[in-house]
Amino acid sequence: MSGVKRELQLIVLDNLIWVMIIFLVFINSIFVQNFFTYHNIINIFYHSSSLGLLVLAQGIVLIAGKLDLSIESTLAFAPGIAILLCRALSPEISPVIQIAITLIIGMIIGLINGMLITKLKMNPLLETLSANIILRGLVLFLIPFSITKLSPGYTFAGSAKTFGNVQVAVLIMFCIFLIFMFIMHRTRFGRFLIATGGNPRASYIAGINVNKMIIYSFIISGVLAASAGILTTGRQGLISNQMGANLGIMSLAGAILGGVTFEGGRGTVFGMLGGVVLLGLFDNFLNLLAVNVFLIAMIKGTLILFAIIMDSVKTNIRISILEKEKLKILTEKMQKSIRHGM
Amino acid sequence: MTLEKREKITQPEALNKTDNIVLEVRSLSKVFSGTTALEDVSIKFKHGEVHGIVGKNGAGKSTLVNILSGIILPSTGKIIIKKNDKEFNFLTPERAKKEGIVIVTQKPEIVPDFNLVQNLFLPQYKETKIKTIKWKEMYFEAKKVFEQAGFNINLTRKMSDLTLSEQQIFLTLKAFYVDNQDIVILDEVTSSFSKKEQDFFFKLIDEQKKRGKSIIFISHRIDEVLMICDCVTIMRDGKVVETAERSALNQEKICSMIVGTENYDQAYEINKFSLMKRCKKDAENIMQGGEVLAIEGLTKEGYFWDINLTLKRGEILGLVGLVGSGRTEILKAISGIEPAEKGWVILEGLEKRKFLNSWDAIQSGIVYLTENREEDGLINVLSVLKNLTLSYLVRLSKDFVIKVKKEKKLVNELIDRFKIDTVSPEEEVQNLSGGNRQKVLFGRVASTKAKVFLLDEATKGIDIAAKVSILREIRERLSLSAGVIVTAPGIGDLLVICDRTLVLFEGRITCEFKREEFNELEIYQAVQGLNIKKTEKIR
C-alpha cells in the first residue's frame, strides 16, 4: 500500500507543472469569461506552437548541458534567407524545396554553433549570444521590409486548418513533441544525450562520443528553430525582420518551468510541453482579462522565478520521501529480527 | 608586522621547556561510522626536529594530520600544545593556526588566477589606513623571502602557470616564512618532485630545522623519510607501531614494520582464504587460456616509458606502484581515454592497434573502471538503471531503439547480484551511499562482457563486506571469460586475487611476482624502488 502511495507522490512531484495547469484551467473556467470554449483552447495551442518548438529546441540543448540563445534569430534567418535564395535561383521553385532549404539552413547554423563550442571549447552562452546578434543583424540588413507574396505551399503549415477547425500547426507541434518523447525515452541517442549533460567526463569514459552528442543537440535545436520559423511565417503570412525577437528568453523560461535545469542531465519532453502550455495559458487569460502588456511581462518573469524556486523545493521533498521509505524498510527489518530472536 | 618582528616573537620560547616537546597527542582515537581510523595514538613532537610519519594507505596518517589541523574532530584523546601549556579535546582550523600549527597538503590550496605575491600573503594583505592594499611593500617583502630561500622565480607569474611541484615548494615557503608558525605539517608534498626539486626542498627543511621549527613530514617514500627525519613514527591499521630515532632504523626495518604480519579482520581473513584456494585451482585453467591482450612499447613522455605486458584469458594481473608511478595513466592509455604517444595494443593476437578514444576501445572489448568515482565515474543526476546500462546500451538496443524489457531485466539481475541497496531502479544514484555507488559503477563495468577489464582501484573507499563481494566478483565472474588488470589502494587486496603482479616504479615496470612468489614485504620494497631483482625483459 505504502509503495503505491509513494509512487503516487513521486508522480505528482515529477509532473507538478501539469498539476499547476489543471489548477489554472479550473480557476480560469470559473472566473474568466470566454475562457473554457473550444475555440479559445485551440487558439492557445495555435499561438504557442512556434514557441513550443523553440522550448523543445532550448530544452534539448539544456539537457545536453549547454545553452542556445541563437534560436530566436534562426527563427527569422532560416525562412528569410531560404526564400531570398529560392527567389534568386528561379521564381518557380516548389514549396517543398523551399521548406527543405529552410530546414537545411537551420541545420547548418546548429552545426556551426556545435562545432565552435565543442572543437574550439567556446563558452556556449557567449558563442550563441554573438551568433544571435550576427544572425539578427544579417536579417535586418537583407530584409529591410517584410517578404510578402509567399507561395501558399510555404505558408500551409502555419495557416491551414484541418478537421474541427484545428490548425495544422498545432498538429505539427504535437507530432514533433511525440517524436521527441520517443527519442528521449526509448532510443540510445536520447539516453546518451542525457548522460552527456549529467556528467560529460564520466560519459566519455563510459564510451560516449560526447562532442558528437553536443553537436547533434545543436543541430536539432537549429532545425527546430527553423521549423518554428516556418510556422510563424505561415501564421503571419509574411516574413518580417522582427520575427522571434525576445522569444529566446521565453524558450528558456518554458524549458525551466518544464523541469529542465541549467546544469544539464535533467528534464523530460513531456515536462517541456507542460511549460509551453502554461506559458500559453498565462498569455491567454491575461489577454482575456485585458491586463497591461508590460504587466504581462512582469507576471511572466515572476512565473520563471517561481519555477526555479519550485525546482529546488521539489528535489528536497523527493529526497525526504525516499528517505522515509528507507527508514521504514530498516525498521521493518529490525522488528522482524527481534521477533525471530524471541 | 614585518617578517623579522614575527620571528622574534615565535622563536626562542620552546627551548626552555622540558624535553623540548612542542606538541603532544595523547591516546587519540577516531571512529568513523563502522571503522576505526585511529586507535589510542600517542606521539610527542620535539622542538627543532623533523618527525616523519609513515604507513600504508589507510594506516591513519591523514586522519592524524587532519585532526592536528582541525579539519576533523577526534572521538577521544587530548592534544597538548606546550607553548602555553594548553590542553585541547579538539582543534578547529582557526584554533590550530592560533596555536602555531600550519599544514601544507598534497593538493595545493591556491587561487589559480592570482599571481605569486597575491597568493603568498593570501588571508591577510597589508593595508593602509584607508584599507587600500600596499602592493609595492608586499612585492618587495615577497622578493626578500624568495631570495632568502634561494628560489628563483618571477613573482608576477600566475599561480596556475606553475607546475604542481613548484606550487608545493611555494606553499612550503609560505608556511615557513609568511605564516611563520612553530609547527609545520608537510602532508605528502614531495610525491611529484624531481631530483633537483627534492635537493632544494631538503636543503630548505634543514635550514628551517636550524631556525627552530618543528616539522611533521608525511611521505610514502621511505628513502626520503630516512634522508631528512630525525625521528620516525610508523603506523599500521590506525595504531602506532613504533616511534624511533633515525639512527635505529633502516629501510628494510621500516618496510617490515609498515607491512606487519597479522591481519586484523577475521571475516575478511576467512573470505581471503577461500578466494586464495580457488586461485590455485584456476591457475591451471589460465595456462590453457589464450593471450587476450598484449601491450608493446607503450610510452607517454613524463608519465610512463616502454611498457610491455601480456595478459591471458582468465588471468588477473595486479599493477602496483606509488602515486605518480603511472598506474592510472597506463590503464587510461590502454583504454584510449588519454592515449599514449607511442606503442601498440594487440587484442587476441590480432593486428597492432592504437585506441584514440574510449568508444572504440569499449566496442573492441576493453573497458576501464575509473578510480575517481565521483567525477569520472557516475552520472549523479541519472537513475541507478541509466547508470548501470550506460556502457552496455549498444548491445541492449536494436536500430537505436532500446529494448526496455530486456534492460529492466538486466538491471534487476545486477541489483540482486551486487546487492545494491536502492529503493527502486529509478532512484537517482546520488541518493545512494558510497559503497552502493561503487557497486553501481562496478556493475556497469562488469555487465559489459568485455574481453579485457582494466579496474583502477575497484575497492577504493568501501567497507569490508562490499570489498569482499567485489573481489569475489572479479575472481569468480569477470576473470572466467576475460583478462583482468587490477590496481588497488593496498597491496593486500591484490595478493588475495591476483595471479601475477607487476611493480611500477617511476613510470617503468621494474619487476614481476608470480603467485607462488608473493610476499607482501618484498612487493612493498619493490614499490619503494628497493631490492629490484634484475628480471629479463618482462612479457
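How many aromatic pairs does a search of the whole structure find over all chains? The search finds twelve.

## Basis of the model

This is a predicted model, in which local features need pLDDT of at least 70 and side-chain atom pairs count only at pLDDT 80 or more, while totals for chains, interfaces and linings use all residues. Residues are numbered from 1 along each chain as its sequence is written, chains are lettered from A and ligands numbered from 1 in the order in which they are written, and side-chain values use heavy atoms, with hydrogens and water left out.

## Aromatic pairs

A pair of aromatic rings is described by the distance of the centres and the angle of the planes. Rings of Phe, Tyr and Trp (its six-membered ring) pair if their centres lie within 6.5 Å; planes under 30 degrees apart count as stacked, over 60 as edge-to-face and the rest as tilted. One of the twelve pairs is formed by Phe189(A) and Tyr216(A), which are edge-to-face because their planes stand at 65°, with the ring centres 5.8 Å apart. This pair links distant parts of the chain: Phe189(A) belongs to helix H10 (residues 188-198) of chain A and Tyr216(A) to helix H12 (residues 210-236) of chain A, 27 residues apart. Helices (H or I, at least four residues) and strands (E, at least two) are DSSP runs, numbered from the N terminus. Phe189(A) has 17% relative accessibility and counts as buried, whereas Tyr216(A), at 37%, counts as partly exposed. Buried means under 20% relative accessible area, exposed over 50%, and partly exposed in between (1.4 Å probe, protein chains only).

In chain B, Phe418(B) and Phe442(B) also form an edge-to-face pair, with 5.8 Å from centre to centre and 80° between the planes. Phe418(B) is in helix H15 (residues 404-418) of chain B and Phe442(B) in helix H16 (residues 434-446) of chain B, so the pair ties together parts 24 residues apart in sequence. Phe418(B) is buried at 4% relative accessibility, and Phe442(B) is buried at 0%. One aromatic cluster consists of Phe146(B), Phe151(B), Phe170(B) and Phe200(B).

## Charges over rings

Two lysines of chain B are described here by their position over a ring. A charge sits over a ring if NZ of Lys or CZ of Arg is within 6 Å of the ring centre and within 35 degrees of the ring normal. Lys300(B) lies over the face of Tyr303(B), 5.1 Å from the ring centre. The ring of Trp344(B) has the charged end of Lys354(B) over it, 5.0 Å from its centre.

## Helix H4 of chain A

Helix H4 (residues 49-63) of chain A has 15 residues and spans 21 Å from its first C-alpha to its last, close to the expected 21 Å. The expected span of a helix is 1.5 Å times one less than its number of residues. Because 15 of its 15 residues are buried, H4(A) is largely enclosed by the rest of the structure. Gly65(A), with a positive phi near 90°, follows H4(A).

## Interface between the chains

Contact means heavy atoms within 4.5 Å. By that criterion, 29 residues of chain A are in contact with 38 residues of chain B. The area buried between the two chains is about 2,900 Å², and carbon and sulfur atoms give 59% of it. Buried area is the accessible area (1.4 Å probe) that two parts lose on being put together, summed over both. Arg188(A), Arg191(A) and Ile205(A) lose the most area on the chain A side, together 27% of what that side buries.

Three salt bridges are counted between chain A and chain B. A salt bridge is a side-chain nitrogen of Lys or Arg within 4 Å of a carboxyl oxygen of Asp or Glu. Arg201(A) and Asp376(B) meet in a salt bridge, at 2.5 Å from N to O.

## Chain B and selected residues

Chain B has 19 helices and 22 strands, and 55% of its 539 residues are buried. Lys83(B) is in the loop between strand S4 (76-81) and strand S5 (86-88) of chain B and is partly exposed at 29% relative accessibility. Its C-alpha lies 8.2 Å from that of Glu99(B), 16 residues apart along the chain.

Asn34(A) has a positive phi near 60°. Asn34(A) lies in the loop between helix H2 (16-31) and helix H3 (38-47) of chain A and counts as exposed at 58% relative accessibility. Ser27(B) has a positive phi near 35°; Ser27(B) is in strand S1 (residues 21-31) of chain B and is partly exposed at 31% relative accessibility.
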